[in-house]
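Colleague: I'd like to learn how to read a model like this one, feature by feature. Can you walk me through it?

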Amino acid sequence: MMRWLAAVAICCFAAYSHAEPGGEVYTFGITPQHSPGELGKLWVPICQYLSKQTGYTIQFRTSKDLSTYWKDANEGVYDLLYINPPRYVEAHDTSGYEAFAKDGDTPLVGIVIARKDGPQRLKELNGQKLAVPSLVSLGAAEIPQAYLRQQGIKVTLVAVGSHDSVYRTVAKGLYPAGGSNQRIFGMLDRATQEQFRVLWKTEPLPPFAFAAHPRVPLKVVERIRQVLVEMSNNPEGRALLAAINVKFIVPAKNRDYDSMRKMKLPMN
């Protein structure tokens with residue numbers, strides 16, 4: 001726990017130290033899909049970029065795990081969120097977060113992966129353990145498990161803490177397969193990707209949302225949205241987006257996530 005807090009503190013300090021002194025400060029809560037250190041490496045530079053371009057201080061924040069992050073989001077802890085579609089809907093309903101941008105070309109697609117020399121079909125997973133980042137991860141755990149049950153395939157989900165840990169433990173042979181999502185898989189280097197085969201994919205869901213709490217002034221939200229949307233227009237911005245496997249960002253509205261509301265997914 002202490003190491004986790006230290007890692008987050010270092011990341012937050014890095015984001016703050018590159019912002020304009022004396023400006024308005026807004027926390028940016030990022031879904032903990034990676035270890036805190038790896039997440040900071042990816043998102044602190046983006047927060048620094050947003051701070052530089054907007055003149056506001058955008059501070060990187062995250063939570064120790066997904067369950068804590070969902071709780072924090074529902075309680076309105078963060079000023080800004082980067083969050084998956086069903087959890088955005090929940091945070092909108094509980095705390096009033098409003099989507100203002102979204103990944104332009106990256107729908108949420110859950111996947112089940114195995115080592116190349118491991119199981120070749122889903123039915124081979126019957127009675128086995130499936131590594132997942134969290135038991136409450138929609139695309140990596142909840143939807144795959146529901147589908148496997150429909151197919152008569154019983155698996156035991158084992159939470160290993162992050163998507164990084166899913167690939168690491170499956171690669172080591174600790175588990176025969178794991179759940180993740182297609183965007184995270186695309187962030188792996190080619191050599192690592194080639195260790196695995198994708199056994200199954202979910203149907204595409206709406207992409208991750210950028211959302212703002214009602215306490216954030218509209219002019220601030222509009223400026224942050226403008227900078228995010230324009231990131232793909234310059235080399236620095238494109239490089240930062242490429243690091244999180246996103247090509248471009250587009251404006252979004254709350255109604256863009258109505259399809260998630262119609263699905264009426266259970267939230268643990």
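Predicted model: local features only at pLDDT ≥ 70, side-chain atom pairs only at ≥ 80, totals over all residues.

Colleague: Where does Ser162 lie, and what is it in contact with beyond its neighbours in sequence?

Modeller: Ser162 sits in the loop between strand E7 (155-159) and helix H6 (163-171). Setting aside neighbours within four places in sequence, its contacts are Gln33, His34, Ser35 and Pro133.

Colleague: How much of the protein counts as buried?

Modeller: For the 268 residues of the protein, the figure is 54%. The secondary structure comes to eleven helices and eleven strands. As for contacts between residues at least 6 apart in sequence, 78% of them join residues at least 24 apart.

Colleague: Which backbone feature would you check at Asn245?

Modeller: Its phi, which is positive at about 60° although Asn245 is not a glycine. Asn245 belongs to the loop between H10 and strand E11 (249-251). With a relative accessible area of 28%, Asn245 is partly exposed.

Colleague: On to helices. How do I read the length and the sides of H9?

Modeller: For length, compare the end-to-end reach with the expected one. Helix H9 (residues 218-230) has 13 residues and reaches 18 Å from first C-alpha to last, close to the 18 Å expected at 1.5 Å a residue. For the sides, list the buried residues, which in H9 are Val220, Val221, Ile224, Arg225, Val227 and Leu228. They cover an arc of only 165° around the axis, so they fall on the same side of H9. On the other side of H9, Leu218 and Lys219 are exposed.

Colleague: What about H4, is it enclosed or open?

Modeller: Nine of the eleven residues of helix H4 (residues 85-95) are buried, so H4 is largely enclosed by the rest of the structure. The buried ones are Pro85, Pro86, Arg87, Tyr88, Val89, Glu90, Ala91, His92 and Ser95. The cover over them includes H3, strand E3 (80-83), strand E4 (98-103), helix H5 (138-150), strand E10 (209-212) and helix H11 (258-263).

Colleague: Now helix pairs. How do H2 and H10 pack?

Modeller: For a pair, read the angle, the axis distance and the handedness. Helix H2 (residues 36-54) and helix H10 (residues 235-243) pack at an angle of about 150°, their axes 9 Å apart. An angle over 145 degrees counts as roughly antiparallel, so that is how H2 and H10 run relative to each other. The crossing of H2 past H10 is left-handed. From H2, Leu42, Pro45, Ile46, Tyr49 and Lys52 take part, and they meet Glu236, Gly237, Leu240 and Ala243 in H10.

Colleague: And what does the crossing of H2 and H9 look like?

Modeller: Their axes come within 10 Å and cross at roughly 120°, and this crossing is right-handed. Here Tyr49, Leu50, Gln53 and Thr54 in H2 meet Arg223, Ile224, Val227 and Leu228 in H9.

Colleague: Can we zoom in on one residue there? Which residues does Thr54 touch beyond its sequence neighbours?

Modeller: Leaving aside those within four places, Thr54 is in contact with Arg223, Ile224 and Val227. Thr54 lies in helix H2, and at 12% relative accessibility Thr54 counts as buried. The C-alpha atoms of Thr54 and Gln226 are separated by 9.1 Å, and the two are 172 residues apart along the chain.

Conventions
Residues numbered from 1 in each chain as written. Heavy atoms only, no water. Helix = DSSP H or I, 4+ residues; strand = E, 2+ residues; numbered from the N terminus. Expected span 1.5 Å × (residues − 1). Buried < 20%, exposed > 50% of the residue type's maximum accessible area, 1.4 Å probe, protein only. Arc of directions from axis to C-beta. Axes fitted to C-alpha atoms, helices over the stretch in contact; angles between N-to-C directions. Parallel < 35°, antiparallel > 145°, perpendicular 65-115°, else oblique. Left-handed = near helix turned anticlockwise from the far one by under 90°. Contact = heavy atoms within 4.5 Å.
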